[in-house]
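Open the model in your viewer and keep the selection panel at hand. The stops below run from whole chains to single residues.

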Amino acid sequence: MKISLDWIKDFVQLPDLTPQEMGVRFTLSTCEVEGVEETNAHMEQVTVAEIINVEPHPEADKLNLVSFKTGSGERRVVCGAPNVAPGMKVAFAPIGTTLPGGFTLVPKAIRGVMSEGMLCAEDELGLGDGHEGLLELPADAIVGMSLAEHMKLKRDVLLDVDNKSITHRPDLWGHYGMAREFAAAFGKPLARPFDEKWIEKMRKHYNSDAAPVSIDVQEGTACLGFLGLSVDNVTVKPSPLWMQQRLSACGMRPINNIVDISNYVMLEQGMPNHLFDRDTIRGNKIIVRENGEQSIFVTLDEMERKMIPSDTMVCDLDGPSSIGGIMGGLTSSVKASTTRIFIEVANWKPELVRRTSTRLGLRTDASQRYEKSLDSHQLERTVLRILELILDSCPEAVVVGPLVSDGLRLNPPLVIDLTLSRVNSILGTSLNEDEVIRLLESLEYSVTPAGGILKVTVPTYRATKDVEVDADLIEDIGRIYGYDRLVPVAPHNEITAISLSAAKILERKIQDFLVYRGRALEIYSYPLIGAKLLEQAGWDVMNENLVLANSLSPETDRMRPSLVPSLLEKAALNQKYHNKFRLFELGRSYLESEKDFSEDRHQLGIIYFDKQDSPFMEVLNLMGDLLDSLRLNAQIQPPNQKFPNPLIPALWTGKHPHEILDIRVMGKSCGFIGSIHPVMAKNFKIKGNLVMAVLDITDFMDRPIKDQTKYKPLAKFPGSTFDCTVVVETGVPVADVLSVLKKVKIKEIEDVRIADVYPLSEQQKTVTLRSWLLDREKTLSPEFLRSVEAQIVASLENAGYPLKQG
Amino acid sequence: MLQKLEEVKKEFDSGVGLVGSMPDMAQFKADFLGKKGKLNALMGGMRDLSVEEKKSFGARANEVKQEMTDAIDKRSQDIELEAINAKLAKNKLDISWTDKIKDLGQQAAGLHPLTQVTRELEDIFLSMGFDILDGPHIEDEYHNFEALNIPESHPARDMQDTFWFKDKKHLLRTHTSNIQIRGMEQKKPPFKFVGPGKVFRCETLDASHEAAFHQLEGMMVGKDIAVPHMIHFLRTLLSEIFKREIKVRLRPGFFPFVEPGFELDYECLLCGGKGCSVCKQVGWVEGLGCGMVHPNVLSGGGIDPNKWNGFAFGLGIDRLAMMRYHIDDVRHLHSGNLQFSEQFKTY
């Protein structure tokens, strides 16, 4: 919202500060000023001139040499405007003037003739859109007078206030409310032109004529009060320049005196209103009621709006004429021929206005004010201010009948108990009672001390929602006192031992492991995905219940049920640039839940990609080490039909026929390691070997990692190793061969491993097994060693793995 | 005799250095020191000498023998070393051929910049005695709005363009402030905790706007906590984050869950308050939102606002990371593009 300091000065005398300083001070005391803009400075330099002579430019057909009279002698410029004529009064900008476009006039020759400034068109002065020719001033304009003086334009400073920073302040949506803040912030008196005395005086315009329009506010509507006043004999014409100027400065287009007054009063009093052409009110009756049906209503902006039965509409006997608190219709507005008007000033329930305006996607100057909870006490004041300005503009206008009103609901008075000690303990100040009272009174609170308690009566315009409890008062005291006067102090602190949560420790361990052991880069991918990606990834869980009502695009319309589709997408992206890469994400996926609506799942996703060789074993070994390092009771094993892995769809087409393993932690499937099927890779235009692992840590992340180290004293006696090489068929997994040795029950066998595998032929390979033998009590005897070796060989041969001969 | 001994010695001295291999050395050693060697042959002639001559010859002969033995040992070691060095020279490794210059594909490893900044923040808070909490991304209306003093009709709901699910009761959390409520439900005062995490706003994406970004919300509840405590704490925090003394200022700011509510600005680090393009010429940079916890929020969390009070604050993690690394486009953060991630590599 734009605040005109010129307008503010109607109500409070501002200190002599630069516009920038003003912006900073107001930001510190009240609300965020996002920008400061100075207007009309150029109008003090531009003066009225009278054209004496026009002759063609010797070098150019379309240009003229124009001589004219100014306050300081004769000048000549080169001018291309078609409407120049001797005797015409025009606006002259001398060398050195900076015009609204931001450029400063410098001495300049145009086609060889020096120009001593510029004669201006309307748009060049920032006065309007006209660029047809020079702005023609009235014949009685005084030569040499500044345009500012001639047009009664004032230099102004506009503060651009961030609307978000006044969301909670219904009273700051008009200049008078802002002026109140300036007065408090600078400790200056506030003028009260709209006080009770003024109201009494203005009420004398009401009369006992029959009211031409009656009002009926029905129960259950959004209305909090509807006031109306009829005025006859108005003349629709342009409003005075000063008013146009203020409206333009605040971003509103001047239209005619009636519409302009309506807007002006909204910008001043903060209360929206509507001025009807009274002849359009069918049946001379206004009914505020619920719409009652599904219907289409055409608003002022000529858009069709879909209304529902519970919307509150302002109607006449023919039907709706405006949407309550939001926007009027096409028919009721004032036209050039209008002479009889009806002033409507109403208040509406914020939540209902908000609901309808949000549904329609229609936020107007009115609705954004009503949403903030306006004060019904201000309705009559607003009617009277409109009347005052209409009478200024059309002295011949007359009021017909009394003020009519229905459905008026006033918010009850609000008194808050405040103690001095609470103020000082929260702000860390040592204010005395008088200071606190003075600060509160500067914002129009009235304060009555009552036995150690301050009874603070909140002004009605702040009591609608903004101010509720003593903390609100303390905020007002603090900001007017000045936050910069608070002295920072260290808080007292209890001594408590704090450590990272188990989940955080686990997450950090995983990330560090992937970086230092996995040599991988961490990525973040989007938790929102679309149906298309899920389909591309062959995913059958579509998360239909976790689809957003207001997504930004179909590609990000729902929560992802798994990291897998995102990982595939990121693999596809990165394989364009790299022949080989490793990446991981520790992110979340989301599952539908009958009980809690949804469940956030914390998952680790890993991708290893290699254009040439499959990194499957690399990932498998990595995951083995990771699970060990997390001290998890985990197994990596082939998928089991009886216990389908919940992390991948049962018939997932991304699954490799052989290179796929389940990760089970404490007996529960919570991950997998798999090569991506080439057909799936092709879906994503991935050319190469893609291996993926996913580990869902949700079920165990909150359990601290236990150190399971069990120390054994070092062996005092030497051990011995025994190698034997057996012949097995090529297709036999080496782990099967080793498992035979693992089953040999001899306690002196400390460990068994595969030492070597060597292909013999296409059908056969040799496997060399190494056993470590150790007795912790004594040196192993040669006889014992021979008997163990014999048992090892026998068990291998019994299992069908004969010793290699020779 | 003695002269002959010196001649043998001379012959030895000129020969030992020329021996080039261990077998040659064995031969050479036998020639001089062996049973049938030249030294022994001379010793055999000792019996023809007088007692006096025997004495002086014997002494010298032992000396010579010792010198020869030492010289042979020394030369043998040299031969061995030469042999090893020759072998090493033959199998010379190209030590310039490091992984760094091989084409091994993408080799960098490291944490995402947001993980790095978040960890740093967590560690600072941990050092100041704050617990680190978290909460769900998918929230109900109560935890995201109502419990935070933002009822349905409150226009503040518009300040945060909310992603709603179709049931219109659940949503993606618009701030990490939901962690405040979950923290209060878990803990008894006094307490202090922070909650870093991902939040969502229905905003059209561009270089500086993201629909998914990261915040850190914090809360400290205790007895007699005042605004100056909060200022002191936040100033310390920012000084710790930026690793230098920071000047701060408070101004009014509106967040429904705090009252009084503030925006805390810090003096621009680039221009020191004089005004520059980073601080839009005002000398101050918007730092974080903060305030004294609203009594309604405390009551909602089961805490008696007459006994306890405290402050809460929130800051944007993405913006911190972007400022630190001069990241030009916020959309890179969720891009999953390794060309982005690798710039923040650990090694």
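This is a predicted model: local features need pLDDT of at least 70, side-chain atom pairs count only at pLDDT 80 or more; totals for chains, interfaces and linings use all residues.

**Chain A, whole**

Select chain A and orient it along its principal axes: its C-alpha atoms fill a box of roughly 130 × 85 × 60 Å. The radius of gyration of chain A is 42 Å, whereas a compact globule of 806 residues would have one near 28 Å. Colouring by secondary structure brings up 20 helices and 37 strands in chain A. If you colour by burial instead, 41% of the 806 residues in chain A count as buried. Of the contacts in chain A between residues at least 6 apart in sequence, 71% link residues at least 24 apart.

**Chain A, by domain**

Next, colour chain A by its domain assignment. Domain 1 is given in two segments, 2–40 and 156–186, and domain 2 as 41–150. The assignment continues with domain 3 (196–406), domain 4 (414–485), domain 5 (502–696) and domain 6 (720–798). Select domain 1 and domain 2 of chain A together; their centres, taken over C-alpha atoms, are separated by 35 Å.

**Chain B, by domain**

Move to chain B, where the assignment gives domain 1 as 2–90 and domain 2 as 113–344. Between the centres of these two domains of chain B, taken over C-alpha atoms, there are 88 Å.

**Where the chains touch**

Now show both chains and select the residues in contact across them: 66 from chain B and 72 from chain A. On the chain B side, the elements that each supply at least two residues include helices H5 (113–127), H7 (156–159) and H12 (338–341), along with strands S1 (131–132), S6 (248–252) and S7 (258–267). Which helix of chain B gives the largest share of this side? H9(B) does, with 7 residues. Colour the chain B side by residue class and it divides into 34 nonpolar, 21 polar and 11 charged residues.

**The nonpolar cores**

Select A:Ile606, A:Met692, B:Leu234 and B:Cys290, which touch the most other members of the largest nonpolar core, a set of 175 residues. Centre the view on B:Leu234. Which residues is B:Leu234 in contact with, leaving aside its neighbours within four places in sequence? They are B:Val248, B:Leu264, B:Leu288, B:Cys290 and B:Phe313.

For the last stop, select A:Leu247, A:Val265, A:Met307 and A:Cys315, which are among the 55 residues of another core lying apart from the largest one.

Notes
Residues are numbered from 1 along each chain as its sequence is written. Chains are lettered from A and ligands numbered from 1 in the order in which they are written. Two residues are in contact if their C-beta atoms, placed from the backbone, lie within 7 Å. Helices (H or I, at least four residues) and strands (E, at least two) are DSSP runs, numbered from the N terminus. Ala, Val, Leu, Ile, Met, Phe, Trp, Tyr, Cys and Pro count as nonpolar, Asp, Glu, Lys and Arg as charged, and the others, Gly among them, as polar. Domain bounds come from an automatic or database domain assignment. The radius of gyration is taken over C-alpha atoms; the globule rule is 2.2 Å times the number of residues to the power 0.38. A residue is buried if 20 or more other C-beta atoms lie within 10 Å of its own, exposed if 12 or fewer, and partly exposed in between; C-beta atoms are placed from the backbone. A nonpolar core is a set of buried Ala, Val, Leu, Ile, Met, Phe, Trp, Tyr and Cys residues joined through C-beta atoms within 7 Å.
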